[in-house]
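User: Please walk me through this structure, and tell me what stands behind each label you use. I would like to see every value set against its definition.

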Amino acid sequence: MTTATSQDDLDALRATVRDFLEAVSGEEAVRELVESEAPFDPKVWAQLSGELQLAGLAIPEEYGGDGFGLVELGVVLEEMGRVLLCAPFFSSVVLAATTLLATGDGVACARYLPGIAAGTTTAALAVTEADGSWGPRRITTEAVETSPGRWSLTGRKSFVIDGTTADLLLVVARVGTGVSLFAVDRSAPGVRTEALRTLDPTRAQAQVTFDAAPATRVGGDGAGECVFGPVLDTASVCLAAEQAGGARRVLETAAEYARTRHQFGRPIGSFQAVKHKCADMLVHVELAEATAREAARLHDEDPTGLAAAAAAAHACCSRAYLFAAMENIQVHGGIGFTWEHPAHLHFRRAKSAQLLFGGPAAYHERLLAALGV
């Protein structure tokens with residue numbers, strides 16, 4: 001449990017992060033990265049993790065971080081979602097760092113987390129395989145112990161976020177009838193990465209193939225199970241915050257266009273149909289922000305209800321972001337459908353984020369299970 005941060009401090013954090021991101025990740029910068037197919041700007045990442053120290057925000061102090069919780073991290077992720085930041089933040093700070101902490105392996109945490117907190121080491125979590133499902137039964141990548149303490153991985157992982165650039169790969173692999181977690185150096189022999197062409201060009205994903213790749217086990221036997229429970233809950237809350245931030249941004253974009261675009265001698269926002277669209281978007285966005293922030297609060301203060309809250313936040317924010325992104329295109333009319341307009345980038349991110357961690361069917365099932373239904 002972390003100490004609650006005052007609302008004034010959260011507002012100050014939001015203002016600082018927003019000013020920085022608007023300066024370095026505006027529409028022009030995002031489009032330049034998308035069109036160049038570069039996964040992220042190393043200079044921006046160095047500033048974000050070094051000068052602002054955001055990479056270590058939610059990592060415990062004993063491992064080089066600042067020891068804050070998901071409430072503070074959620075503020076940062078909302079702002080990143082607003083600008084479609086292209087950076088290995090979600091993969092490294094959310095997925096990989098959370099997984100390391102969940103294993104309870106102090107040696108591995110001391111070895112890897114300080115670099116992640118400083119931004120000098122980027123990491124990626126490799127779980128899903130060909131069908132993209134998050135579930136221990138779908139894991140076919142195999143780990144074999146070649147000598148005491150030394151392991152070899154063989155198999156293929158798909159949809160690995162930032163898999164082509166990560167220094168460290170945390171891989172869930174099958175050992176006998178269970179699954180364990182392994183640390184693999186991306187540059188090690190037997191590791192091959194291939195960038196995937198995906199719907200969302202602002203979030204790089206990769207296919208990673210292991211051919212007798214050397215690996216080190218993290219945590220004890222069966223530690224890989226943590227990614228299907230606490231890690232998935234935490235990641236879902238963080239993704240919900242990012243989605244809520246993106247939804248708020250497209251609402252603001254639609255409202256601004258409705259105020260300034262004139263048709264038949266009056267702003268289009270004065271027409272009832274457009275008013276209804278913006279009002280519906282507002283309802284969805286307000287609910288998304290509320291569920292994402294409440295789930296983050298529960299994570300930090302009362303984790304007993306986290307599983308249900310995380311699944312509900314993922315479901316609610318996925319729906320809200322996708323709805324708002326679609327309505328934003330409709331409000332903009334013909335220009336909203338063009339490649340030159342940024343509306344489609346938010347739509348792509350919204351749809352892609354909806355499908356992360358197994359898609360709607362998976363997190364609805366998680367919600368029902370958490371509620372005992």
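Analyst: Let's start inside: the largest cavity holds about 130 Å³ of space, where a volume is the space filled by probe spheres set on grid points joined across faces, edges and corners. Lining this cavity are 15 residues, and Leu 85, Ala 87, Phe 90, Arg 203 and Arg 349 are the closest to its centre. This is a predicted model, in which local features need pLDDT of at least 70 and side-chain atom pairs count only at pLDDT 80 or more, while totals for chains, interfaces and linings use all residues. Residues are numbered from 1 along each chain as its sequence is written, and side-chain values use heavy atoms, with hydrogens and water left out.

User: What makes a space a cavity and not a pocket?

Analyst: On a 1 Å grid over the protein atoms alone, a cavity is a set of points where a 1.4 Å probe fits but cannot get out, whereas a pocket is an open set with protein on both sides within 12 Å along at least five of seven lines; lining residues have an atom within 4 Å of a point. With a threshold of 30 Å³ or more, the structure holds 1 cavity. Helices α4 (70-83) and α5 (89-103) each supply at least two residues of its lining; helices (H or I, at least four residues) are DSSP runs numbered from the N terminus.

User: How is the lining of the largest cavity divided by class?

Analyst: There are 10 nonpolar, 1 polar and 4 charged residues. Ala, Val, Leu, Ile, Met, Phe, Trp, Tyr, Cys and Pro count as nonpolar, Asp, Glu, Lys and Arg as charged, and the others, Gly among them, as polar.

User: And which residues lie nearest the centre of the largest pocket?

Analyst: Val 34, Glu 37, Leu 196, Arg 197 and Pro 201 do, out of 20 lining residues. The volume of this pocket is about 540 Å³. Helix α2 (residues 27-36) gives the largest share of the lining, 3 residues. By class, the pocket lining has 10 nonpolar, 4 polar and 6 charged residues.

User: Now the helix pairs. Why are α7 and α8 called roughly antiparallel?

Analyst: The axes of α7 (residues 230-260) and α8 (residues 272-301) cross at roughly 155 degrees and come within 9 Å. Axes are lines fitted to C-alpha atoms, for helices over the stretch in contact, and angles run from 0 to 180 degrees between N-to-C directions. Angles over 145 degrees count as roughly antiparallel, and α7 and α8 are therefore roughly antiparallel to each other. Residues in contact (heavy atoms within 4.5 Å) include Ala 244 and Leu 251 of α7, and Leu 282 and Ala 292 of α8. The contact of α7 with α8 has 19 nonpolar, 2 polar and 3 charged residues.

User: What is the hand of the crossing of α5 and α7?

Analyst: The crossing of α5 and α7 is right-handed, whereas α7 passes α8 in a left-handed crossing. A crossing is left-handed if the near helix is turned anticlockwise from the far one by less than a right angle, and right-handed if clockwise. The axes of α5 and α7 come within 9 Å and cross at roughly 155 degrees, so α5 and α7 are roughly antiparallel to each other. Their contact includes Phe 90 and Val 94 of α5, with Val 231 and Thr 234 of α7.

User: What makes α9 roughly antiparallel to α10?

Analyst: α9 (residues 306-332) and α10 (residues 343-355) pack at an angle of about 155 degrees, with axes 9 Å apart. That makes α9 roughly antiparallel to α10. The crossing of α9 past α10 is left-handed.

Methods. Angles under 35 degrees count as roughly parallel, over 145 as roughly antiparallel, 65 to 115 as roughly perpendicular and the rest as oblique.
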